[in-house]
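Open the structure in your viewer and keep the selection tool at hand. This tour moves from stop to stop and says what to select at each one.

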Amino acid sequence: MSTAPPVVALASLRPDGARTARFEGRDHGSGVSFFAVDADPGQGPPLHRHPYTETWVVIEGEAEVTLGDDVVRVRADEVAVVQANTWHRFVATGTGRLRMVCIHASDVMVQENRGDA
C-alpha cells in the first residue's frame with residue numbers, strides 16, 4: 001500500500017469551460033479548500049464573506065482587493081489575508097491575466113454574497 005498523497009488534476013476541478021478550479025477539501029481528505037483562479041482583467045467575484053479566514057497567494061498578475069472599507073492592490077509574489085466575516089472581493093487589474101490561489105481555512109466552502117453589491 002502506497003503512503004503517497006492522492007493527486008488531483010486541476011482540470012478535473014473546473015466546470016465545463018471554466019478557467020478557475022474549485023477544490024473542496026472534504027472531498028479529498030483535506031482540511032482546507034481553495035480556488036485556483038485564472039482571470040482576465042475586469043473579472044472577479046461579487047462582494048462576499050466567509051466564517052473563516054481566506055489567504056490569497058498571487059502567482060501572476062495583480063488585483064484590486066476590497067477588504068471591508070479598505071481597497072489595496074496585490075501583485076505577483078504577494079500574499080493577502082482576509083479575516084473571518086470580512087466583506088471582500090477582488091477584481092483582476094493590469095494588462096494580463098491574474099493567477100492566484102485563494103485558500104479557505106475550511107474543508108468545505110461557506111460563502112455569503114452581499115445582496116447590494
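**Stop 1: the largest pocket**

Start with strand S2, which gives the most to the lining of the largest pocket, with 4 residues. Bear in mind that you are looking at a predicted model.

Select S2 (33-39) together with strand S9 (98-104): each supplies at least two residues of the pocket lining. The pocket has a volume of about 250 Å³. It is lined by 18 residues, and the closest to its centre are Thr 20, Phe 35, Val 37, Pro 45 and Phe 90. Now colour the lining by residue type.

**Stop 2: the open sheet**

Switch to a cartoon view. In what order do the strands of the open sheet run? Its 5 strands follow the order S1-S2-S9-S4-S7, with antiparallel pairing. The edge strands are S1 and S7, each of which pairs on one side only. From one strand to the next, the twist averages 15°. As background, strands of a sheet pair through backbone hydrogen bonds, either parallel or antiparallel.

Zoom in on S4 and S9. This antiparallel pair is joined over 6 bridges. Pick Val 58, and you will find Met 100 of S9 opposite.

**Stop 3**

Move to S7 and its partner S4 (residues 54-60). These two strands pair in the antiparallel sense over 4 bridges. Select Glu 54: Val 82 in S7 stands opposite.

Stay on S7 (residues 79-82) and compare its faces. Which residues are on the covered face, and which on the uncovered one? Ala 80 and Val 82 make up the covered face, while Val 79 and Val 81 are on the uncovered one.

**Stop 4**

Most residues other than glycine have a negative phi. Two residues here have a positive one.

Select Asp 77, in the loop between strand S6 (70-75) and S7. Its phi is near 70°, a positive value in a residue other than glycine. Is Asp 77 buried or exposed? Asp 77 has a relative accessible area of 74%, so it counts as exposed.

Next, select Asn 85, in the loop between S7 and strand S8 (88-93). Phi of Asn 85 is near 65°, again positive in a residue other than glycine. Asn 85 is partly exposed, because its relative accessibility is 46%.

**Stop 5**

Go to the loop between strand S1 (21-23) and S2, and select Gly 29. With 75% relative accessibility, Gly 29 counts as exposed. Gly 29 and Asp 107 are 78 residues apart along the chain, yet their C-alpha atoms are separated by 8.4 Å.

Finish at Ser 106, in the loop between S9 and strand S10 (112-113). Is Ser 106 buried or exposed? Ser 106 has a relative accessible area of 13%, so it is buried. Which residues does Ser 106 touch, leaving out those up to four places away in sequence? Select Gly 31, Val 32, Ser 33 and Tyr 52 to see these contacts of Ser 106.

How values were computed: Residues are numbered from 1 along each chain as its sequence is written. This is a predicted model: local features need pLDDT of at least 70, side-chain atom pairs count only at pLDDT 80 or more; totals for chains, interfaces and linings use all residues. Side-chain values use heavy atoms; hydrogens and water are left out. On a 1 Å grid over the protein atoms alone, a cavity is a set of points where a 1.4 Å probe fits but cannot get out, and a pocket is an open set with protein on both sides within 12 Å along at least five of seven lines; lining residues have an atom within 4 Å of a point. Grid points are joined across faces, edges and corners, and a volume is the space filled by probe spheres set on the points. Buried means under 20% relative accessible area, exposed over 50%, partly exposed in between (1.4 Å probe, protein chains only). Two strands pair if DSSP finds at least two bridges between them. Axes are lines fitted to C-alpha atoms, for helices over the stretch in contact, and angles run from 0 to 180 degrees between N-to-C directions. Contact means heavy atoms within 4.5 Å.
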